[in-house]
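Reader: I am new to this structure and would like to learn how to read it. Please show it to me and take the features one at a time.

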Amino acid sequence: MRPSPVPVAAGVYGWHFEQQPHPDLDAGCLLYVGIALRYMANRTSTQNLRKRVRYY
């Protein structure tokens with residue numbers, strides 16, 4: 001597996017673009033925010049930041 005700057009940990013992540021992704025959106029705007037939880041209501045989550053970022 002290649003090295004990744006994304007940690008294998010719980011946390012919050014967001015997507016933004018340096019270049020304008022669409023005429024109605026400004027460059028640099030935040031387009032998406034997600035969360036990788038450590039614990040869910042009834043179990044421990046198997047997700048982490050690296051898995052969530054790779055999924056998208």
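Author: Begin with confidence: pLDDT is the predictor's confidence in each residue, from 0 to 100. This is a predicted model, in which local features need pLDDT of at least 70 and side-chain atom pairs count only at pLDDT 80 or more, while totals for chains, interfaces and linings use all residues. Residues are numbered from 1 along each chain as its sequence is written, and side-chain values use heavy atoms, with hydrogens and water left out.

Reader: What pLDDT does the chain average?

Author: The average is 76, and 86% of the residues score at least 70. By element, helix 1 has the lowest confidence, a mean of 73, and strand 1 (residues 11–16) the highest, at 80.

Reader: How many helices and strands are there in the chain?

Author: Helices (H or I, at least four residues) and strands (E, at least two) are DSSP runs, numbered from the N terminus. This chain has 1 helix and 2 strands, and along the sequence the pattern reads β-β-α.

Reader: What share of the residues in the chain is buried?

Author: Buried means under 20% relative accessible area, exposed over 50%, and partly exposed in between (1.4 Å probe, protein chains only). Of the 56 residues in the chain, 11% are buried. Arg54, for its part, has its place in helix 1. Arg54 counts as exposed because its relative accessibility is 61%. Ala27, in the loop between strand 1 and strand 2, has a relative accessible area of 47%, so Ala27 is partly exposed.

Reader: Which residues is Ala27 in contact with, leaving aside its neighbours within four places in sequence?

Author: Contact means heavy atoms within 4.5 Å. With those neighbours left aside, Ala27 touches Phe17, Glu18, Gln19 and Gln20. Phe17 is 10 residues from Ala27 in sequence, and their C-alpha atoms are 6.1 Å apart in space.

Reader: What about contacts over the chain as a whole?

Author: Take the contacts between residues at least 6 apart in sequence: 41% of them join residues at least 24 apart. A separation can also be read between C-alpha atoms: those of Arg54 and Val6, 48 residues apart along the chain, are separated by 9.5 Å.

Reader: Where does Arg52 lie?

Author: Arg52 is part of helix 1 (residues 49–55). Apart from neighbours within four places in sequence, Arg52 has contacts with Tyr13, Ile35, Ala36 and Gln47. Between the C-alpha atoms of Arg52 and Ile35 there are 8.3 Å, with 17 residues separating the two along the chain.

Reader: Which residues make the nonpolar surface patch?

Author: Patches are made of residues with over 30% relative accessible area and no salt bridge: like charges are joined within 9 Å, nonpolar side chains (Val, Leu, Ile, Met, Phe, Trp, Tyr) within 5 Å. A salt bridge is a side-chain nitrogen of Lys or Arg within 4 Å of a carboxyl oxygen of Asp or Glu. Accessible areas come from the Shrake-Rupley method with a 1.4 Å probe; for residues, only the protein chains shown count as cover. Here Val12, Leu30, Val33, Ile35 and Leu37 make a nonpolar patch of about 470 Å². Strand 2 (residues 30–36) gives the most to this patch, with 3 residues.
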